[in-house]
Amino acid sequence: MSTIPNQPTRILIVGTGAVGAFYGSRLALAPQTLVSVTCRSNYSAVLSSGLQLDTHSFGSYHFAPHAVYPSISAAAQAPHPFDYVVVATKALPDVSDDSEMIAPVVQGNKETAIVLIQNGVGVEQPHRQRFPNNPVLSAVTVVSAQQTSPGSVKQNRWTRISVGPFLQGGIGEEEKESELKQRSEKANRRFVELLKEGGIADAEEYDEKGLQLVRWHKLAINSSMNPSSVLSGSTGNSRMSLDPELRLHLAGCMNEIFQTAPKVLGRPWPEKLAKVDADKILKSSERNSEGLPSMLVDWQAGRPMELEVILGNPIRIARAKGIEMPRLQSLYALLKMASIRRQEDQSKAKL
Ligand SMILES: NC(=O)c1ccc[n+]([C@@H]2O[C@H](COP(=O)([O-])OP(=O)(O)OC[C@H]3O[C@@H](n4cnc5c(N)ncnc54)[C@H](OP(=O)(O)O)[C@@H]3O)[C@@H](O)[C@H]2O)c1
């Protein structure tokens, strides 16, 4: 982080889709921040017109990034290093390694904090390994947003984002005091402050294990609803929750996560999360008649799904501790093969 007085905080958003544009636009409103973005398919739209936000929480507004880059290597030519590199791509470790992608803007700058706003678990590990001296911050959001056209983002509801430092994953003993731990906690506190200054009143600061529990709790919803919606023939959350057999299946999947996470992390659920059990989630899902799980949207569009971070990683992390999650393992095995078969069909169709 910039320690020189009156120096702005420089932030780079990598993956300027729904989540990246929404939080980037809020961080830009904090005093003394310069928020730049890297874009891919929406590069020309964002370069020419900036980003248009249509939000439930803050109304409609325009966000003009400090700089718009077509690639990470272009961002690496910026005259100053970034204080924060915020990764908000879909987490697809089976397709690409995000830590390798951001290396040009991180390597050589040990003060640069990497912030991962992504679903699933285990997303931090490649960054921790590649950048052993950089703070890695792990963030979980419940926002509901989508990019409706290149450069236009709609936030439907919710703003909450939980952020915590990542040192060795919260698995095992509490991380001992170290210089990296101190720098990570400082970067974490400041990042949450910046979000609050940008209007995200429910930005929350966590310690390492606390944040991992938030991650696993959100996983209970994603790892049950997402794959089941694809495997049940494109069924939305509400209809699945109202079907008696599927409801039993979904509750069974959620309970596997609820029972496993405290054993993996060595800390019980805090009261706030323990209260939100399978029954509560299913009751609330009954009312969510428009929402389609992101995995279903990706499946229908023929795009890769976040299968490894939502199912593969939790299954492997639990297995390493001697715990099996059989319902989730079945979902993973079936959907992984369906995805491989779909890819084969796509390749054949191109011939
Ligand atoms: N949207 C939500 O409501 C929501 C809520 C909670 C959590 N999340 C999680 O947040 C993460 C981001 O989701 P999202 O909905 O914001 O996804 P998204 O709208 O698809 O945005 C991802 C962005 O990353 C860009 N990108 C991917 N690889 C890139 C690369 N190598 N270089 C530059 N840009 C790259 C994509 O560009 P292209 O357009 O070229 O692919 C896209 O603009 C996911 O882990 C998701 O599960 C999303």
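Predicted model: local features only at pLDDT ≥ 70, side-chain atom pairs only at ≥ 80, totals over all residues.
Me: What distance separates a polar side-chain atom of Glu306 from an oxygen atom of the ligand?
Reply: Let's go through some of the ligand's oxygen pairings. A polar backbone atom of Ala18 is 3.1 Å from a ligand oxygen, and an N or O atom in the side chain of Arg40 is 3.0 Å from one. For Glu306, a polar side-chain atom sits at 2.7 Å.

Me: What share of the ligand's area does the protein bury?
Reply: Areas here come from the Shrake-Rupley method with a 1.4 Å probe. On its own, the ligand exposes 880 Å². The share of that buried by the protein is 79%.

Me: Why is α1 said to be largely enclosed by the rest of the structure?
Reply: Buried means under 20% relative accessible area, exposed means over 50%, and partly exposed is in between (1.4 Å probe, protein chains only). Among the buried residues of α1 are Ala18, Phe22, Tyr23 and Arg26. The helix α1 is largely enclosed because the buried count, out of its 10 residues, is 9.

Me: Which side chain makes a polar contact of 2.9 Å with that of Asn42?
Reply: Asn42 lies in the loop between β2 and α2 (43–49), and it's buried at 4% relative accessible area. A polar atom of its side chain is 2.9 Å from the backbone oxygen of Thr16. A polar contact is a pair of N or O atoms within 3.5 Å; within protein, one must be able to donate a hydrogen and the other to accept it, and residues adjacent in sequence count only if both atoms are side-chain atoms. The side-chain partner of Asn42 at 2.9 Å is Gln147.

Me: What is the phi of Gln32, which is not a glycine?
Reply: Most residues other than glycine have a negative phi. Gln32 lies in the loop between α1 and β2 (33–38) and is partly exposed at 47% relative accessibility. Its phi is positive, at about 65°.

Me: Which residues does Ser229 contact, leaving aside neighbours within four places in sequence?
Reply: Ser229 is in helix α7 and is buried, with a relative accessible area of 0%. Contact means heavy atoms within 4.5 Å. The contacts of Ser229 are Ser234, Thr235, Met240, Pro293 and Leu296.

Me: What is the relative accessibility of Ser234?
Reply: Ser234 sits in the loop between α7 and α8 (237–242). It has a positive phi of about 65° although it is not a glycine. Ser234 counts as partly exposed because its relative accessibility is 36%.

Me: Which helices are included in what covers the buried residues of α14?
Reply: Helix α14 (residues 326–350) has 25 residues, and its buried ones are Leu328, Leu331, Tyr332, Leu335, Ser339 and Arg342. An α-helix has 3.6 residues a turn, so residues three or four places apart point the same way. The cover over the buried residues of α14 includes α7 (208–231), α9 (244–265), α12 (294–300) and α13 (307–320).

Me: How far apart in space are Pro262 and Gln212?
Reply: Pro262 is found in helix α9 and is buried at 18% relative accessible area. Along the sequence, Pro262 and Gln212 are 50 residues apart. In space, C-alpha to C-alpha, they are separated by 9.9 Å.

Key:
Residues numbered from 1 in each chain as written. Heavy atoms only, no water. Helix = DSSP H or I, 4+ residues; strand = E, 2+ residues; numbered from the N terminus. Expected span 1.5 Å × (residues − 1).
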